[in-house]
Amino acid sequence: MSNGMLEETQVVPLAEIEEVDLYHAHHWITKYVFSQDAKIIAIQYSATAILIGLVGLVLSWLMRLQLGFPEVFDFIDAESYYQYVTMHGMIMVIYLLTALFLGGFGNYLIPLMVGARDMVFPYMNMLSYWVYLIAVLVLTASFFVPGGASGAGWTLYPPQAISEGTPGIDGGIILMLVSLVLFIIGFTMGGLNYVVTVLQARARGMTLMRMPLTVWGIFVATILALLAFPALFVAGVMMLLDRVLGTSFFMPEMIVQGEMTSHENGSPLLFQHLFWFFGHPEVYIVALPAFGVVSDIISTHARKNIFGYRMMVWAIVAIGGLSFIVWAHHMYVSGMNPYFGFFFATTTLIIAVPTALKMYNWVLTLWKGNIHLTIPMLFCVAFILTFLNGGITGLFLGNVIVDIPLSDTMFVVAHFHMVMGIAPVLVIFAAIYHWFPKMSGRMLHEGWGQFHFWITFLGSYLIYFPMHYLGFIGVPRRYFEIGETSFIPPSAATLNEFITVVVLIVGFAQVVFIANIIISIFKGKPAGDNPWNATSLEWQTATTPPGHGNFGDELPVVYRWAYAYSVPGVEADFVPQNMPPDEVKRTDTATGAVADDPPELHQ
Amino acid sequence: MAPQDSSTTVAAPTDLAPGFAGIAEDWSSDQRTFKNVPWGKAMMWIFLLSDTFIFSSFLVGYMKVRLSTTTPWPKASEVFALSFGGEPIPLILIAIMTFILITSSGTMVLAVNYGYRKDKNKTALLLIITALLGASFVGMQAFEWTKLIVEEGVRPWGNPMGASQFGSVFFMITGFHGFHVSVGVLFLILVARKVWRGDYDTEKRGFFTSRKGNYEIVETMGLYWHFVDLVWVFIFAFFYLW
């Protein structure tokens with residue numbers, strides 16, 4: 001290494017950002033309830049998201065009970081079945097995954113990982129959570145209004161979503177739309193914080209290209225969300241007006257139950273375009289943070305730098321950009337112009353390129369690494385497999401000619417659950433097992449973690465592999481019961497029973513996980529400051545869990561990237577981002593001679 | 001927080017490289033990507049980008065419903081005409097409204113200018129004038145809505161002149177824009193009051209945020225106000241001239 005580079009990296013830039021006074025809470029209400037501390041807000045967001053996610057989980061059990069054992073459970077009729085489908089989808093995609101990755105992990109990790117005291121606007125950050133909570137409550141309330149929750153399917157396609165005969169037409173759909181609008185308002189307040197914190201409030205020495213990939217993933221996902229949610233907002237407002245005021249944005253002229261409706265000449269296709277202009281980036285709003293978290297965790301637990309860091313960053317950015325021009329691949333059978341299908345199939349397949357690049361880089365990171373099969377690592381490896389599976393069926397569905405026969409079959413359900421259901425949830429588990437020691441100061445129980453992992457991982461394959469097959473033989477999605485159909489063999493019913501049994505087992509395995517968390521908060525093994533010997537800044541805080549202001553008296557100064565693992569010539573197998581080069585212990589020289597430093601130290 | 005060691009004094013990067021080299025340098029630097037840009041201003045820019053997508057989606061939705069309806073679209077020049085002495089003048093009200101809103105952008109620019117000079121009286125006065133112009137815009141919009149609803153019989157779900165979506169999109173989009181203007185007026189008055197009271201000279205702490213106040217908020221407010229004006233130009237073109 002030339003000395004020129006060393007001199008450059010040894011100069012610590014002056015602080016450009018003045019220390020901003022934090023809000024000092026004096027009362028327990030402002031400390032733990034209406035808190036402006038990003039870490040508390042993160043935990044509030046996570047807890048709320050997980051709670052509403054459990055509701056979504058129970059809904060999936062009820063759905064599966066009906067599909068596996070039709071005509072056995074009297075309390076499930078066609079109406080309530082559709083309500084379960086709708087609420088399960090909406091809760092899982094928006095109120096669990098989006099809120100947990102961005103509101104939960106975003107709030108906790110961004111300030112800590114970039115070396116900031118807090119988010120740039122803590123007060124607005126607090127409001128973000130409370131608006132989110134109201135959105136969740138409004139959504140939950142829709143179960144209890146007359147007529148119950150909406151049963152329109154999570155995509156809420158008009159005209160069916162707001163026409164007579166669909167469950168929840170009285171109050172459920174209105175509350176659903178109001179809740180979505182509130183969620184978007186709340187998210188925007190938080191999202192602006194995340195983006196500005198990453199751009200404008202990093203520590204000294206923390207360049208964008210030294211940020212951990214977790215921050216990159218959350219950062220790009222937040223930008224996607226800020227640009228994609230507006231389309232859902234507009235679609236929601238328009239549909240609300242159609243339902244409440246009787247406008248005809250999405251509603252064509254129809255005869256319902258023998259009578260002409262008052263609507264005229266609306267465009268149902270417009271809703272689909274608006275919805276999927278949000279809906280496709282939404283897939284990556286969930287996937288990109290997962291990509292980032294996986295990169296960091298496998299690098300840490302394989303004691304090896306991430307392979308091709310710059311490529312990983314640019315792949316995240318490229319996927320984010322491409323995700324805005326693929327939305328109509330959800331609409332091949334909608335009746336839009338077939339030439340669009342050609343365009344959107346092409347862009348969809350192009351997305352496979354940066355995504356495959358990430359897959360290769362994860363595998364190459366593991367290659368010859370010193371792999372520790374800890375629970376977070378197991379979940380990450382499981383993610384790589386699952387995402388590969390879901391990604392490959394995505395290539396099937398991305399082609400118009402393959403998609404058309406598979407549309408609206410169980411194959412689609414299996415595909416999107418693999419790619420944006422199971423895969424991100426596996427990463428959420430990995431992230432919780434990985435960062436729980438930082439949040440609580442205690443480790444989660446390893447044995448119960450193993451139990452939870454194997455049941456969840458194997459179970460989800462037992463659920464979704466057969467489902468692909470069901471789709472191939474033509475079992476349609478969203479049907480209350482199939483009944484007797486000439487082209488569906490009776491074995492499909494047996495397979496459905498099997499899937500239902502596995503769903504219940506996997507579902508109850510999550511109780512073990514929740515119990516593990518609750519017990520470990522009080523009785524877990526003390527973790528110390530840095531149990532995984534990780535390099536990034538959140539593990540270098542003065543106290544665990546980090547106190548108010550994150551870093552004690554002095555903000556950290558960053559000297560290198562977050563992936564200085566197993567650097568040749570260095571004694572320890574990791575070098576924290578904030579360890580000055582002259583304090584790094586070399587194997588060859590006792591003192592801090594840095595003339596022949598490997599480049600990994602100064603990346 | 002305890003003071004940090006002497007090497008951490010705040011440095012203002014004044015010698016920023018110009019052009020693309022400068023942009024690349026800023027993006028590859030540490031701490032801040034946009035040098036000398038306060039947090040609030042950066043946040044407002046990103047919010048406006050997001051808001052642009054909301055208005056764009058609204059306008060694209062408007063174009064789509066207008067193109068797909070089979071009923072003829074009402075003629076804007078006739079619907080939006082005002083009669084003075086029996087002679088209808090097309091678009092006269094909207095011309096005045098547009099003029100007022102654009103003028104308010106001018107007074108906002110002056111307010112930002114005096115804000116930079118920390119001239120609190122002139123800043124506050126200009127902010128109040130901007131707020132008044134904005135309020136009169138909203139007032140005229142209320143007049144326009146009343147006229148359409150009461151005299152012309154336009155309703156969100158239908159109207160006597162043609163396609164029912166005319167009223168729907170009109171009330172929805174101008175309503176959403178009017179809401180933006182109203183929120184702007186509210187915040188202009190709040191900021192003007194704080195400027196007038198000298199909160200930004202004494203760096204008084206915010207009631208909720210407990211952050212020190214300063215004149216940067218005037219510029220941030222200005223960004224929002226100009227954005228609302230710019231959006232109006234598009235709404236004006238798409239609704240009244242198409």
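Which handedness, left-handed or right-handed, does the crossing of α4(A) and α5(A) have? The legends below take up this point and others in a predicted model.

**View 1. Packing of helix α4 against helix α5 in chain A.** Helix α4, which covers residues 78-114 of chain A, packs with helix α5, covering residues 122-141 of chain A, at an angle of about 160°, and their axes are 12 Å apart. Because angles over 145 degrees count as roughly antiparallel, α4(A) and α5(A) are described as roughly antiparallel to each other. The crossing of α4(A) and α5(A) is left-handed, which answers the opening question. On the α4(A) side the residues that take part are A:Y95, A:A99, A:G103 and A:N107, and these meet A:N125, A:Y129, A:Y132, A:V136 and A:L139 of α5(A). By class, the residues of this contact between α4(A) and α5(A) comprise six nonpolar and three polar residues, with no charged residue.

**View 2. The side of chain A that touches chain B.** In the contact between the two chains, 47 residues of chain A are set against 45 residues of chain B. Three helices of chain A, namely α6 (172-200), α7 (213-244) and α8 (268-301), each supply at least two residues of the side that touches chain B. Of the elements of chain A, α7(A) gives the most to this side, with eight residues. The classes of the residues on the side of chain A that touches chain B are 27 nonpolar, 12 polar and eight charged.

View 3. Taken along the principal axes, the box filled by the C-alpha atoms of chain A is roughly 90 × 50 × 50 Å. Of the 603 residues of chain A, 55% count as buried, and among the contacts in chain A between residues at least 6 apart in sequence, 79% join residues at least 24 apart.

**View 4. Two cis peptide bonds in chain A, ending at A:P159 and at A:P545.** As background to this view and the next, most residues other than glycine have a negative phi, and most peptide bonds are trans. The peptide bond that runs from A:P158 to A:P159 is cis, with omega near 0°, and A:P159 is placed in the loop between α5 and α6 of chain A. The peptide bond from A:T544 to A:P545 is likewise cis, with omega near -5°, and A:P545 belongs to the segment after α15 (491-523) of chain A.

**View 5. Positive phi at A:N265 and at A:R303.** Although A:N265 is not a glycine, its phi is positive, at about 60°, and this residue lies in the loop between β2 (259-260) and α8 of chain A. A:N265 has 16 other C-beta atoms within 10 Å and is partly exposed. A:R303, also a residue other than glycine, has a positive phi near 50°, and its place is in the loop between α8 and α9 (309-322) of chain A. With 16 C-beta neighbours inside 10 Å, A:R303 counts as partly exposed, because that class lies between the limit of 20 or more for buried residues and that of 12 or fewer for exposed ones.

Conventions: Residues numbered from 1 in each chain as written. Chains lettered and ligands numbered in written order. Predicted model: local features only at pLDDT ≥ 70, side-chain atom pairs only at ≥ 80, totals over all residues. Contact = placed C-beta atoms within 7 Å. Helix = DSSP H or I, 4+ residues; strand = E, 2+ residues; numbered from the N terminus. Nonpolar A, V, L, I, M, F, W, Y, C, P; charged D, E, K, R; others polar. Axes fitted to C-alpha atoms, helices over the stretch in contact; angles between N-to-C directions. Parallel < 35°, antiparallel > 145°, perpendicular 65-115°, else oblique. Left-handed = near helix turned anticlockwise from the far one by under 90°.
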